[in-house]
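Have the sequence and the 3D view ready.

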Amino acid sequence: MTGLRKSIHGEWSSRWAFILAATGSAVGLGNIWRFPYITGQYGGGAFVLLYIMCVLLIAMPIMICEIMLGRRGRQSPINTMFSLAEEEGLNKAWRYLGWLGVVAGFMILSFYSVIAGWTLDYIYRASSGSFSGVSDTEILSIFNGLLGNPELLIVLHTVFMSFTVIIVSMGVQSGLERAVKFLMPALFILLLIMVGYAMSTPAFNQGLSYLFKPDFSRLTGEGVLAAMGQAFFSLSLGMGAIMVYGSYLSSRASIVRTSISIVIMDTSVALLAGMAIFPLVFAYGLEPGSGPGLIFVTLPIAFGQMPYGQFFGTAFFVLLMFAAWTSSISLLEPAVAWLVENRDMKRVNAAALAGLLAWILGIGSVFSFNIWQDAKLFDKTYFDIMDYLTSNVMLPLGGLLIAIFSVWLMPRRSSIDELKIGDGLAYKSWRLLARYLAPVGVLIIFLNAIGIL
Ligand code: PHE
């Protein structure tokens, strides 16, 4: 019966369109903004190695589960979990897994849009030449000036959120497919150029060894948790974004091959971003662990010095904004699909309502960079708490439950039927990873971080 189900929201025009959309969701601020700064905070190489292991051994098998459930359910994550549980005679409380994802999506989008707002400001600055020849102290004061201006941050946050709402209300397929096809390769090429520039700085080797030479003495339980969190965040896993995109995937497309392509593209973008940024950090004597502002203070120095920097700088922040955009729409889509299905709302109204909610939540993040910067709980600001709870707790927990549902509860024949790769080595390896390694990995990392292991 499942093979016959159709999504009321439409379907991707091809497998390639889905790969583009899912890559568009995966590649975003998480790769270019978050990956370098978290890597810097947790000491470099050992963190990166762990991150790659989490991507391959935990996140990739879970991505296959998530797309598989989405395509089988063909509805918003909440209704997908409900119908699949019903179909397999399981407890319908599984729909709360969909809810966990919707809530996580709102929380992530709320701060994501604030950071994406910074890129809007930087597009303006790069294009008006304010980075040309800047020193590290000058760029620091520009960046701090931006953070210290809550009104401007709110305006930028509003503009970005409105963009997101507009695209989601048009439906994810139209427009998005075309945009991603051209923008992703462009972003990739620009990153290569940035890495090329980093090579010309005297600290290129130092940057590379910081990134790729593991020093396990710097790794803490907290760092291991952060590496896993980054893997989920960067691949958009554990909250239903990939599930909802999977629900628009044609039943003929290969889920396994598709997942492998997404993982390869996402990981290469993150590593390239690291290779572009860390040499600059060392060349200009900046602090790798300085936090969320890392790319916003390093890259402008490079743009200010390289030939055609004004052009490259503008292009870079424009592309980063687009990358953020194609991710933010996937954060909103699970909630919107649910509102359309269950509340009978028009897509436009559903998108506006959901966007408004995330916008309101985001105001707290705006303030945590200025008037609330000293309001801390467990030494974390509002923004830190939103980011930490979602990446390090909610996404891995969502992923764990998705894996448990897919390989412990759903019968083997249902997954064989949906994955369509037969019952051979590929299927068995996926099942082994998703059944044992991924869930046990998530649990051990959780327990380790809270000090039980
Ligand atoms: N993966 C996106 C990024 O790296 C962020 C994201 C997380 C999108 C979770 C959807 C769901 O920027």
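Which residues around the ligand come nearest? There are 15 residues around the ligand, and the nearest are Ala26, Gly30, Tyr112, Phe233 and Ser236; a residue counts as near when one of its heavy atoms lies within 4 Å of the molecule. Before going further, please keep in mind that this is a predicted model, in which local features need pLDDT of at least 70, side-chain atom pairs count only at pLDDT 80 or more, and totals for chains, interfaces and linings use all residues. Residues are numbered from 1 along each chain as its sequence is written, and side-chain values use heavy atoms, with hydrogens and water left out.

Gly30 places a polar backbone atom 2.8 Å from an oxygen atom of the ligand. Tyr112 has a polar side-chain atom 2.5 Å from a ligand oxygen atom. In the side chain of Ser236, an N or O atom is 2.9 Å from a nitrogen atom of the ligand. Taken alone, the ligand exposes 320 Å², and the protein buries 100% of that (areas come from the Shrake-Rupley method with a 1.4 Å probe; for residues, only the protein chains shown count as cover).

Next, look at where the shell comes from. Helix 1 (15–26), helix 2 (29–41), helix 10 (221–234) and helix 14 (309–342) each give two or more residues to the shell around the ligand. Helices here are DSSP runs (H or I, at least four residues), numbered from the N terminus. The shell has seven nonpolar, eight polar and no charged residues, where Ala, Val, Leu, Ile, Met, Phe, Trp, Tyr, Cys and Pro count as nonpolar, Asp, Glu, Lys and Arg as charged, and the others, Gly among them, as polar.

The space taken by the ligand is the largest cavity; a molecule sits in a cavity or pocket if more than half of its atoms lie within 2 Å of its grid points. On a 1 Å grid over the protein atoms alone, a cavity is a set of points where a 1.4 Å probe fits but cannot get out, a pocket is an open set with protein on both sides within 12 Å along at least five of seven lines, and lining residues have an atom within 4 Å of a point. The largest cavity holds about 130 Å³ of space, a volume being the space filled by probe spheres set on points joined across faces, edges and corners. Its lining has 17 residues, with Ser25, Tyr112, Phe233, Ser236 and Leu331 nearest the centre. Helix 14 gives the largest share of this lining, three residues.

The structure holds two cavities of 30 Å³ or more. About 40 Å³ lies in the second largest cavity, whose lining includes Pro77, Leu97, Met239 and Ile402. Helix 5 (95–127) provides the largest share of that lining, three residues.

Finally, turn to the largest pocket, with about 470 Å³ of space. Of its 21 lining residues, Gln41, Pro292, Thr381, Phe383 and Asp384 are closest to the centre. Helix 16 (382–409) gives the most to this lining, with five residues. By class, the pocket lining divides into eight nonpolar, five polar and eight charged residues, while the lining of the largest cavity has nine nonpolar, eight polar and no charged residues.

Notes: Polar contact = N/O pair within 3.5 Å; in protein donor to acceptor, adjacent residues only side chain to side chain.
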